[in-house]
Amino acid sequence: MTKPRLPRIEVCVEGVDGLLAAQKAGADRAELCASLLEGGITPSIGVVREALKLSTIPFNVIVRPRGGDFLYSEHEFQAMLRDVEALRDLGVAGVVIGCLTFDGRVDVERTRALVRAAKPLTVTFHRAFDMTRDYAEAVEDLVHCGVDRVLTSGQRRTALEGIDILRHTVKLAGDRLTVMVCGGLNAGNIGDVLERTGAYEAHFSAGNTLPSGMAFHNPHVGMGGTALEREYELTVTDEAAVRSTIAAARAQLVQPA
């Protein structure tokens with residue numbers, strides 16, 4: 001019989017400051033991103049180099065050239081390959097990818113190519129999985145592509161809403177693919193989600209919005225498509241929230257599903 005185990009916790013962070021907050025709060029691993037407002041896109045090489053210099057925990061880097069869907073042009077895909085190769089050569093712990101076909105399936109050909117380019121790094125398939133038409137089929141495709149881990153909220157907005165699909169996904173994956181659960185996890189629910197799904201890896205962001213340090217605000221122009229007030233707000237990793245959520249998770253010995 002497989003023994004229960006302590007869960008492993010990954011914190012999704014934006015930039016080096018977020019990574020440092022996550023590791024100080026006790027995270028096992030981080031996912032390094034830029035622009036969490038868009039769900040996370042590839043950070044710059046400079047950010048990755050600085051993170052490598054300062055990190056004491058492993059971190060995976062998202063390879064996502066833009067926000068929006070996961071149906072990429074050939075030029076976007078080639079850029080993803082180049083990013084994976086660069087990150088591999090820099091020596092990060094792993095990469096996080098996700099490519100779909102127009103009809104909502106895992107793009108097997110492109111996923112295999114990205115996995116080949118990444119090795120020996122670990123490869124996580126992100127929540128593009130949650131946008132597939134058939135999660136059971138997607139599990140098999142990811143196994144055949146050589147992916148190590150899948151990040152999922154059970155094809156629902158939160159892990160609690162997707163709990164039944166998460167539980168079934170863990171069973172389908174078995175020891176062939178690690179299922180890392182996510183979606184609205186916090187200190188109040190992470191233990192319940194881990195217990196009910198049998199997953200032993202969990203992922204959350206614990207983001208907090210703070211005012212910018214800028215004293216002068218120009219009310220007449222914005223730099224992006226968000227509301228003007230967003231120009232003077234920062235999204236930061238809440239160290240206390242990370243610490244309390246990790247403590248709640250580690251109070252839970254996970255029984256394999």
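This report describes the core, some helix contacts and a few residues of a predicted model.

## Basis of the model

Local features need pLDDT of at least 70, side-chain atom pairs count only at pLDDT 80 or more, and totals for chains, interfaces and linings use all residues. Residues are numbered from 1 along each chain as its sequence is written, and side-chain values use heavy atoms, with hydrogens and water left out.

## The nonpolar core

The largest nonpolar core holds 67 residues. Such a core is a set of buried Ala, Val, Leu, Ile, Met, Phe, Trp, Tyr and Cys residues joined through side-chain atoms within 4.5 Å. Buried means under 20% relative accessible area, exposed over 50%, and partly exposed in between (1.4 Å probe, protein chains only). Phe-59, Phe-125, Val-181 and Phe-204 touch the most other members. Helix α5 (residues 135-145) gives the most to this core, with six residues. Helices (H or I, at least four residues) and strands (E, at least two) are DSSP runs, numbered from the N terminus.

Val-181 has contacts with Thr-152, Leu-166, Val-193, Leu-194, Thr-197, Ala-199, Glu-201, Ala-202 and His-203, not counting residues up to four places away in sequence. Contact means heavy atoms within 4.5 Å. In soluble globular proteins, nonpolar side chains tend to be buried together.

## Helix α3 and its two partners

Helix α3 (residues 74-90) packs on helix α4 (residues 108-118) at an angle of about 20°. Their axes are 8 Å apart. Axes are lines fitted to C-alpha atoms, for helices over the stretch in contact, and angles run from 0 to 180 degrees between N-to-C directions. α3 and α4 are therefore roughly parallel; that label covers angles under 35 degrees, with over 145 roughly antiparallel, 65 to 115 roughly perpendicular and the rest oblique. Glu-74, Phe-77, Met-80, Leu-81, Val-84, Glu-85 and Arg-88 of α3 meet Arg-110, Ala-113, Leu-114, Ala-117 and Ala-118 of α4. This contact of α3 with α4 has eight nonpolar, no polar and four charged residues. Ala, Val, Leu, Ile, Met, Phe, Trp, Tyr, Cys and Pro count as nonpolar, Asp, Glu, Lys and Arg as charged, and the others, Gly among them, as polar.

Helix α2 (residues 45-54) also meets α3. The axes of α2 and α3 come within 11 Å and cross at roughly 20°. That makes α2 roughly parallel to α3. Ile-45, Val-48, Arg-49 and Leu-52 of α2 meet Ala-86, Leu-87 and Leu-90 of α3. The contact of α2 with α3 has six nonpolar residues, no polar ones and one charged.

## Helix α1 and strand β1

Helix α1 (residues 15-24) is mostly covered, with seven of its ten residues buried. They are Gly-15, Val-16, Gly-18, Leu-19, Ala-21, Ala-22 and Gln-23. These buried residues pack against β1, β2 (29-33), α2, β3 (59-62), β10 (233-237) and α8 (239-250). Just after α1, Gly-26 takes a positive phi of about 105°.

Val-11 sits in strand β1 (residues 8-14). Val-11 counts as buried, at 0% relative accessibility. Its contacts beyond four places in sequence include Ala-22, Phe-204 and Val-242. Val-11 and Ala-202 are 191 residues apart in sequence, and their C-alpha atoms are 8.4 Å apart.

Arg-110 lies in helix α4. Arg-110 is buried, with a relative accessible area of 14%. Leaving out residues up to four places away in sequence, Arg-110 touches Tyr-72, Ser-73, Glu-74, Phe-77 and Cys-99.

Lys-171 belongs to helix α6 (residues 163-173). Lys-171 counts as exposed, at 52% relative accessibility.
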